[in-house]
Amino acid sequence: GTRAPRGPCEAPGPPSAMSEPLTGLPGVVFIAVLRNDSGPLVAVAQYKHVDALDKEGVMRAVQAESMEPRVKYTTAGPRLSVSYMASAHARPAIFVAVTASGYPVRAAFRLLEELQSKFLDRVGDAWVAAKENALSSKCSKVFKELCTRYSDVAAVDKIAQVQEQVDMVQRVMQDNITTMLENEEKLSSIEAKTSELRDQAGIFQSNAKSVRRNMAWKNAKMWIILAVTIVIIIGIVVGLFYELNK
(Lines give C-alpha, C1' and ligand atoms only; values in the text may rest on other atoms or scores of the structure.)
Protein backbone atom coordinates (compact mmCIF):
# COMPACT_ATOMS: atom_id res chain seq x y z
CA GLY A 1 0.00 0.00 0.00
CA THR A 2 1.02 3.62 -0.36
CA ARG A 3 0.12 6.89 1.24
CA ALA A 4 1.46 10.01 -0.39
CA PRO A 5 1.87 12.75 0.48
CA ARG A 6 1.67 12.91 4.27
CA GLY A 7 1.60 16.68 4.30
CA PRO A 8 3.85 19.61 3.53
CA CYS A 9 7.36 19.60 4.85
CA GLU A 10 9.48 22.69 4.20
CA ALA A 11 12.51 20.42 4.15
CA PRO A 12 13.80 17.52 6.21
CA GLY A 13 15.81 19.81 8.42
CA PRO A 14 16.60 23.53 8.64
CA PRO A 15 16.65 25.27 5.24
CA SER A 16 20.24 26.36 5.91
CA ALA A 17 21.32 22.73 5.72
CA MET A 18 20.05 22.49 2.17
CA SER A 19 21.05 25.71 0.57
CA GLU A 20 24.04 26.14 -1.68
CA PRO A 21 25.77 22.74 -1.27
CA LEU A 22 22.69 20.88 -2.52
CA THR A 23 22.34 22.50 -5.92
CA GLY A 24 22.47 20.01 -8.80
CA LEU A 25 21.21 17.15 -6.66
CA PRO A 26 21.38 13.54 -7.81
CA GLY A 27 18.04 11.76 -7.89
CA VAL A 28 18.71 9.86 -4.67
CA VAL A 29 20.39 11.86 -1.90
CA PHE A 30 20.33 9.56 1.12
CA ILE A 31 19.15 6.09 2.16
CA ALA A 32 19.02 4.58 5.61
CA VAL A 33 17.61 1.80 7.74
CA LEU A 34 16.21 2.90 11.09
CA ARG A 35 15.03 0.85 14.03
CA ASN A 36 12.00 1.96 15.98
CA ASP A 37 12.68 1.33 19.66
CA SER A 38 9.55 3.17 20.86
CA GLY A 39 11.78 6.18 21.44
CA PRO A 40 14.39 7.96 19.36
CA LEU A 41 14.92 6.23 16.03
CA VAL A 42 18.24 4.40 15.71
CA ALA A 43 19.95 4.63 12.30
CA VAL A 44 21.63 1.21 12.18
CA ALA A 45 22.83 1.76 8.58
CA GLN A 46 22.92 4.82 6.34
CA TYR A 47 24.57 6.23 3.25
CA LYS A 48 24.80 9.90 2.22
CA HIS A 49 25.01 10.42 -1.52
CA VAL A 50 25.34 14.16 -0.70
CA ASP A 51 27.44 15.23 2.28
CA ALA A 52 25.55 18.44 3.08
CA LEU A 53 22.39 16.68 4.24
CA ASP A 54 20.77 17.27 7.61
CA LYS A 55 20.18 13.72 8.85
CA GLU A 56 18.34 14.91 11.94
CA GLY A 57 15.87 16.71 9.71
CA VAL A 58 15.26 13.45 7.87
CA MET A 59 14.67 11.65 11.18
CA ARG A 60 12.10 14.26 12.14
CA ALA A 61 10.31 13.82 8.82
CA VAL A 62 9.81 10.09 9.47
CA GLN A 63 6.64 9.90 11.54
CA ALA A 64 7.31 6.44 12.96
CA GLU A 65 4.70 6.47 15.68
CA SER A 66 1.76 6.25 13.25
CA MET A 67 3.23 3.95 10.59
CA GLU A 68 1.59 0.74 9.43
CA PRO A 69 3.72 -2.23 8.30
CA ARG A 70 4.45 -2.42 4.56
CA VAL A 71 2.62 0.85 3.86
CA LYS A 72 4.74 3.37 1.97
CA TYR A 73 4.72 7.05 2.94
CA THR A 74 6.24 10.18 1.48
CA THR A 75 6.75 13.71 2.81
CA ALA A 76 7.53 16.31 0.14
CA GLY A 77 9.48 19.53 0.58
CA PRO A 78 10.59 22.24 -1.88
CA ARG A 79 14.05 20.71 -2.35
CA LEU A 80 13.79 17.14 -1.07
CA SER A 81 11.24 14.41 -0.47
CA VAL A 82 11.43 11.70 2.18
CA SER A 83 9.89 8.30 1.36
CA TYR A 84 9.77 5.49 3.89
CA MET A 85 8.10 2.25 4.95
CA ALA A 86 8.27 -0.10 7.94
CA SER A 87 8.82 -3.84 8.03
CA ALA A 88 6.39 -6.18 9.78
CA HIS A 89 8.75 -7.01 12.69
CA ALA A 90 7.74 -6.47 16.33
CA ARG A 91 10.34 -3.69 16.51
CA PRO A 92 10.10 -2.64 12.87
CA ALA A 93 12.95 -1.67 10.62
CA ILE A 94 12.15 1.55 8.77
CA PHE A 95 13.56 1.92 5.27
CA VAL A 96 14.13 5.53 4.22
CA ALA A 97 15.02 7.19 0.91
CA VAL A 98 15.59 10.93 0.50
CA THR A 99 15.22 12.08 -3.10
CA ALA A 100 15.43 15.37 -4.96
CA SER A 101 12.23 17.34 -5.45
CA GLY A 102 10.39 16.07 -8.53
CA TYR A 103 11.83 12.55 -8.28
CA PRO A 104 9.02 10.09 -9.21
CA VAL A 105 7.36 8.62 -6.13
CA ARG A 106 6.90 5.28 -7.92
CA ALA A 107 10.67 5.01 -8.36
CA ALA A 108 11.29 5.96 -4.71
CA PHE A 109 8.88 3.25 -3.59
CA ARG A 110 10.60 0.67 -5.81
CA LEU A 111 13.88 1.75 -4.23
CA LEU A 112 12.43 1.11 -0.75
CA GLU A 113 11.40 -2.42 -1.74
CA GLU A 114 14.85 -3.23 -3.13
CA LEU A 115 16.56 -1.54 -0.17
CA GLN A 116 14.64 -3.79 2.22
CA SER A 117 15.42 -6.95 0.24
CA LYS A 118 19.14 -6.26 -0.17
CA PHE A 119 19.60 -5.02 3.41
CA LEU A 120 17.97 -8.07 5.01
CA ASP A 121 19.88 -10.42 2.68
CA ARG A 122 23.09 -8.65 3.67
CA VAL A 123 22.74 -8.44 7.47
CA GLY A 124 20.04 -10.94 8.39
CA ASP A 125 18.73 -10.23 11.91
CA ALA A 126 21.82 -8.29 12.99
CA TRP A 127 19.91 -5.00 12.72
CA VAL A 128 17.62 -5.96 15.63
CA ALA A 129 20.32 -5.32 18.24
CA ALA A 130 22.70 -3.13 16.21
CA LYS A 131 23.82 0.22 17.60
CA GLU A 132 23.81 3.54 15.77
CA ASN A 133 25.68 3.23 12.44
CA ALA A 134 26.93 -0.26 13.35
CA LEU A 135 25.97 -1.67 9.94
CA SER A 136 26.77 1.33 7.73
CA SER A 137 30.20 0.08 6.74
CA LYS A 138 28.94 -3.41 5.92
CA CYS A 139 26.16 -2.01 3.73
CA SER A 140 27.99 0.95 2.19
CA LYS A 141 28.77 -0.76 -1.14
CA VAL A 142 25.19 -1.99 -1.57
CA PHE A 143 23.72 1.38 -0.53
CA LYS A 144 26.01 3.32 -2.86
CA GLU A 145 25.06 1.09 -5.79
CA LEU A 146 21.36 1.61 -5.06
CA CYS A 147 21.76 5.40 -4.81
CA THR A 148 23.74 5.55 -8.05
CA ARG A 149 21.43 3.28 -10.02
CA TYR A 150 18.17 4.83 -8.83
CA SER A 151 19.48 8.33 -9.46
CA ASP A 152 19.14 7.53 -13.18
CA VAL A 153 15.35 7.73 -13.32
CA ALA A 154 15.14 7.01 -17.05
CA ALA A 155 17.04 3.73 -16.67
CA VAL A 156 15.00 2.72 -13.62
CA ASP A 157 11.74 3.34 -15.48
CA LYS A 158 12.97 1.42 -18.51
CA ILE A 159 13.87 -1.57 -16.36
CA ALA A 160 10.46 -1.35 -14.68
CA GLN A 161 8.76 -1.33 -18.09
CA VAL A 162 10.70 -4.44 -19.14
CA GLN A 163 9.75 -6.13 -15.87
CA GLU A 164 6.09 -5.27 -16.42
CA GLN A 165 6.28 -6.76 -19.93
CA VAL A 166 7.92 -9.91 -18.56
CA ASP A 167 5.25 -10.17 -15.85
CA MET A 168 2.52 -9.79 -18.48
CA VAL A 169 4.13 -12.49 -20.61
CA GLN A 170 4.29 -14.80 -17.61
CA ARG A 171 0.60 -14.21 -16.89
CA VAL A 172 -0.29 -15.02 -20.51
CA MET A 173 1.77 -18.22 -20.36
CA GLN A 174 0.16 -19.24 -17.09
CA ASP A 175 -3.32 -18.64 -18.53
CA ASN A 176 -2.48 -20.68 -21.63
CA ILE A 177 -1.09 -23.54 -19.57
CA THR A 178 -4.15 -23.48 -17.30
CA THR A 179 -6.44 -23.64 -20.33
CA MET A 180 -4.42 -26.50 -21.80
CA LEU A 181 -4.60 -28.47 -18.54
CA GLU A 182 -8.33 -27.89 -18.29
CA ASN A 183 -8.74 -29.20 -21.83
CA GLU A 184 -6.64 -32.25 -20.99
CA GLU A 185 -8.85 -32.92 -17.97
CA LYS A 186 -11.93 -32.62 -20.17
CA LEU A 187 -10.37 -34.99 -22.70
CA SER A 188 -9.62 -37.55 -20.00
CA SER A 189 -13.18 -37.30 -18.73
CA ILE A 190 -14.63 -37.77 -22.21
CA GLU A 191 -12.39 -40.77 -22.87
CA ALA A 192 -13.55 -42.42 -19.64
CA LYS A 193 -17.20 -41.85 -20.50
CA THR A 194 -16.59 -43.14 -24.02
CA SER A 195 -15.12 -46.31 -22.59
CA GLU A 196 -18.20 -46.82 -20.43
CA LEU A 197 -20.52 -46.27 -23.38
CA ARG A 198 -18.51 -48.76 -25.44
CA ASP A 199 -19.02 -51.40 -22.75
CA GLN A 200 -22.75 -50.67 -22.59
CA ALA A 201 -23.51 -50.64 -26.29
CA GLY A 202 -21.43 -51.29 -29.38
CA ILE A 203 -23.57 -48.86 -31.31
CA PHE A 204 -21.72 -45.95 -29.77
CA GLN A 205 -18.24 -47.15 -30.76
CA SER A 206 -18.03 -45.17 -33.96
CA ASN A 207 -19.24 -42.04 -32.23
CA ALA A 208 -16.71 -42.50 -29.44
CA LYS A 209 -13.85 -42.79 -31.92
CA SER A 210 -14.99 -39.63 -33.64
CA VAL A 211 -15.09 -37.78 -30.31
CA ARG A 212 -11.56 -38.94 -29.43
CA ARG A 213 -10.25 -37.80 -32.81
CA ASN A 214 -11.88 -34.40 -32.40
CA MET A 215 -10.55 -33.92 -28.90
CA ALA A 216 -7.09 -35.11 -29.93
CA TRP A 217 -7.14 -32.54 -32.73
CA LYS A 218 -8.26 -29.83 -30.32
CA ASN A 219 -5.47 -30.85 -27.95
CA ALA A 220 -2.95 -30.76 -30.79
CA LYS A 221 -4.18 -27.30 -31.79
CA MET A 222 -3.79 -26.14 -28.20
CA TRP A 223 -0.18 -27.36 -28.14
CA ILE A 224 0.46 -25.64 -31.47
CA ILE A 225 -1.04 -22.38 -30.13
CA LEU A 226 1.03 -22.69 -26.96
CA ALA A 227 4.22 -23.29 -28.93
CA VAL A 228 3.55 -20.29 -31.19
CA THR A 229 2.75 -18.15 -28.12
CA ILE A 230 6.01 -19.14 -26.41
CA VAL A 231 8.00 -18.31 -29.57
CA ILE A 232 6.30 -14.89 -29.77
CA ILE A 233 6.90 -14.27 -26.06
CA ILE A 234 10.58 -15.16 -26.35
CA GLY A 235 10.83 -12.78 -29.30
CA ILE A 236 9.20 -9.97 -27.29
CA VAL A 237 11.48 -10.50 -24.27
CA VAL A 238 14.61 -10.69 -26.42
CA GLY A 239 13.52 -7.56 -28.26
CA LEU A 240 12.87 -5.66 -25.03
CA PHE A 241 16.21 -6.61 -23.53
CA TYR A 242 17.89 -5.73 -26.83
CA GLU A 243 16.27 -2.27 -26.68
CA LEU A 244 17.27 -1.93 -23.02
CA ASN A 245 20.91 -2.68 -23.76
CA LYS A 246 21.24 -0.34 -26.78
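A residue is called buried when its relative accessible area is under 20%. In this predicted model, Tyr 84 has a relative accessible area of 0% and is therefore buried.

**Aromatic pairs**

A pair of aromatic rings is described by the distance of the centres and the angle of the planes. Rings whose centres lie within 6.5 Å are taken as a pair, and by this rule there are three aromatic pairs.

One of them joins Tyr 73 and Tyr 84: the ring centres are 5.7 Å apart and the planes meet at 25 degrees, so the pair is stacked, the cut-off for stacking being under 30 degrees. Tyr 73 belongs to strand S4 (residues 72-76) and Tyr 84 to strand S5 (residues 80-86), so this pair ties together parts that are 11 residues apart in sequence. Tyr 73, at 1% relative accessibility, also counts as buried.

Another pair consists of Phe 95 and Phe 119. Their ring centres lie 6.1 Å apart with the planes at 75 degrees, so the arrangement is edge-to-face, a class that requires over 60 degrees. This pair links distant parts of the chain, with Phe 95 in strand S6 (residues 93-100) and Phe 119 in helix H2 (residues 105-123), 24 residues apart. Phe 95, Phe 119 and Phe 143 together form one aromatic cluster.

| Residue | Relative accessible area | Class |
|---|---|---|
| Tyr 73 | 1% | buried |
| Tyr 84 | 0% | buried |
| Phe 95 | 0% | buried |
| Phe 119 | 1% | buried |

Conventions. Residues numbered from 1 in each chain as written. Predicted model: local features only at pLDDT ≥ 70, side-chain atom pairs only at ≥ 80, totals over all residues. Heavy atoms only, no water. Phe/Tyr/Trp six-rings, centres within 6.5 Å; stacked < 30°, edge-to-face > 60°. Helix = DSSP H or I, 4+ residues; strand = E, 2+ residues; numbered from the N terminus. Buried < 20%, exposed > 50% of the residue type's maximum accessible area, 1.4 Å probe, protein only.
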